[in-house]
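Please read the points below with the model open beside you, taking each one in turn. They go from the overall arrangement to the details.

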Amino acid sequence: MDPILLVEKQQIRPDRENFKPGDLVRVYTKSLEGGRERLQFFEGTVISIKGSGVNRAFTLRKISYGVGVEKVFPLYSPIIDRVEVIRKGKVRRAKLYYLRSKIGREARIKEANINE
């Protein structure tokens, strides 16, 4: 087997693949401050997932003090401690870039039924 594929296979963690675009997730990242490591979280809606394999990345969007903030996280980065799904969303698109132009109630996403 190709040595690059072997290294990539070791880095893939299946516990991080349980969300889709439209879901509200909280990403805990490790940050070093003054020699101490602490966890910091960013909570937002997944508006896109792109790439494949180890190069997979996802974009989160939230509104902070009236300003839209987006962050792109590499899915298998060692800086990411864990990803929690807060709420499942029901959307019909793979990329939710249209949310950038929506504000307030227009930007809400319907919650998915868990039974379906």
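1. The model holds an open sheet of five strands in the order 4-3-2-1-5, with antiparallel pairing; strands are DSSP runs of E with at least two residues, numbered from the N terminus, and two of them pair if DSSP finds at least two bridges between them. Strand 4 and strand 5 stand at the edges with a single partner strand each, so one side of each has no neighbour in the sheet. From one strand to the next the twist averages 40°, where axes are lines fitted to C-alpha atoms and angles run from 0 to 180 degrees between N-to-C directions.

2. Please keep in mind that this is a predicted model, in which local features need pLDDT of at least 70 and side-chain atom pairs count only at pLDDT 80 or more, while totals for chains, interfaces and linings use all residues. Residues are numbered from 1 along each chain as its sequence is written, and side-chain values use heavy atoms, with hydrogens and water left out.

3. Strand 1 and strand 2 pair in the antiparallel sense over ten bridges, and Ser-31 stands opposite Arg-38 in strand 2.

4. Strand 3 (residues 57-64) and strand 4 (residues 67-74) run antiparallel and are joined by eight bridges, with Gly-68 in strand 4 as the bridge partner of Ile-63. Two residues lie between the strands of this hairpin, where Tyr-65 takes a positive phi near 55°.

5. Not counting residues up to four places away in sequence, Leu-60 touches several residues, including Val-25, Val-27, Phe-42 and Phe-73, where contact means heavy atoms within 4.5 Å.

Technical notes. Helices (H or I, at least four residues) and strands (E, at least two) are DSSP runs, numbered from the N terminus.
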